[in-house]
Amino acid sequence: MQPANRTNLTDSATESLRTEILSGRWLVGGRIPNESALSDQLLVSRGTVREAVRALVSQGLLETRQGSGTYVRSAVDPTAALVRVRRACLRDQWEARTALDVEAARLAALRHTPADIERLSRLLAERGTVADDGQHNFVCRDLAFHKAIVAMSGNRAMVELYDFFTAAIAETIQATLGGDLPEPDVPMHAQIIEAIASGDPDRAGDAVRAFMTPVLLQLDRHLAQ
């Protein structure tokens with residue numbers, strides 16, 4: 001392991017530890033060297049090592065176990081994965097979002113409660129329009145509506161994945177607001193609520209597909225030009 005660069009000790013130490021994980025030198029499930037040993041190897045303070053470990057814990061690469069030490073949780077770098085997702089073309093991003101939203105709606109139809117439907121209706125009412133208070137706030141409110149459906153799915157992995165894709169998904173929403181791509185209107189959002197409330201997963205999935213299809217078709221036309 002290389003000593004940390006002095007220009008930014010915490011960032012440099014974090015990258016050194018990340019390299020050990022992603023290279024496979026530290027195996028998933030294995031315990032990493034203790035704070036004192038890492039401090040000596042990186043030539044930084046134990047406080048800097050602690051900050052670096054904390055950063056990698058927050059990214060899901062490491063986990064700390066009280067009284068036992070710090071272990072490698074994953075060798076998949078979520079930051080790099082998100083960068084790759086955001087570099088994908090808008091058509092690919094929207095298609096991926098469609099797959100997530102469709103399955104979330106199907107599960108929500110099977111698992112929702114009356115309170116869930118009331119919350120969706122409230123979020124749709126609060127969503128408003130871009131003209132109400134600007135594009136950024138509108139995108140946040142629109143995303144809150146769709147994330148609520150994913151939460152209703154009851155699938156924790158799907159919730160985490162949707163959160164992971166939030167930045168890219170927000171960009172797909174913004175892309176429909178520039179006038180070139182169709183923005184699904186309030187009635188189309190309401191149809192999704194009604195389909196979920198019906199308890200029919202096929203109807204819920206179809207409602208989301210109908211919601212997403214105009215944008216996909218428009219993106220296909222752009223690619224064909």
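Colleague: Which helix gives the most to the lining of the largest pocket?
Modeller: This is a predicted model, in which local features need pLDDT of at least 70 and side-chain atom pairs count only at pLDDT 80 or more, whereas totals for chains, interfaces and linings use all residues. Residues are numbered from 1 along each chain as its sequence is written, and side-chain values use heavy atoms, with hydrogens and water left out. Helix H2 (35-42), helix H3 (46-58) and strand S2 (69-72) each supply at least two lining residues (helices are DSSP runs of H or I with at least four residues, strands runs of E with at least two, numbered from the N terminus). With three residues, the most to this lining is given by H3.

Colleague: How many charged residues are in the lining of the largest pocket?
Modeller: The residues that line the largest pocket include Arg31, Glu35 and Arg50, together with others such as Ile32, Pro33 and Asn34. By class (Ala, Val, Leu, Ile, Met, Phe, Trp, Tyr, Cys and Pro are nonpolar; Asp, Glu, Lys and Arg charged; the others, Gly among them, polar), the lining has five nonpolar and three polar residues, and the number of charged ones is three.

Colleague: Which residue of S2 stands opposite arginine 65?
Modeller: Strand S1 (residues 62-65) runs antiparallel to S2 and is joined to S2 by four bridges (strands pair if DSSP finds at least two bridges between them). The two strands form a hairpin with three residues between them, and glycine 67 in the turn has a positive phi of about 80°. Leucine 62 stands opposite valine 72, while the residue opposite arginine 65 is glycine 69.

Colleague: Which residues of H9 make the contact with H5?
Modeller: Helix H5 (residues 90-111) and helix H9 (residues 156-164) pack with their axes 11 Å apart (axes are lines fitted to C-alpha atoms, over the stretch in contact). From H5, the contact (heavy atoms within 4.5 Å) is made by Arg97, Leu100, Asp101, Glu103, Ala104 and Leu107. From H9, the contact is made by Met158, Leu161 and Tyr162.

Methods:
Axes are lines fitted to C-alpha atoms, for helices over the stretch in contact, and angles run from 0 to 180 degrees between N-to-C directions. On a 1 Å grid over the protein atoms alone, a cavity is a set of points where a 1.4 Å probe fits but cannot get out, and a pocket is an open set with protein on both sides within 12 Å along at least five of seven lines; lining residues have an atom within 4 Å of a point.
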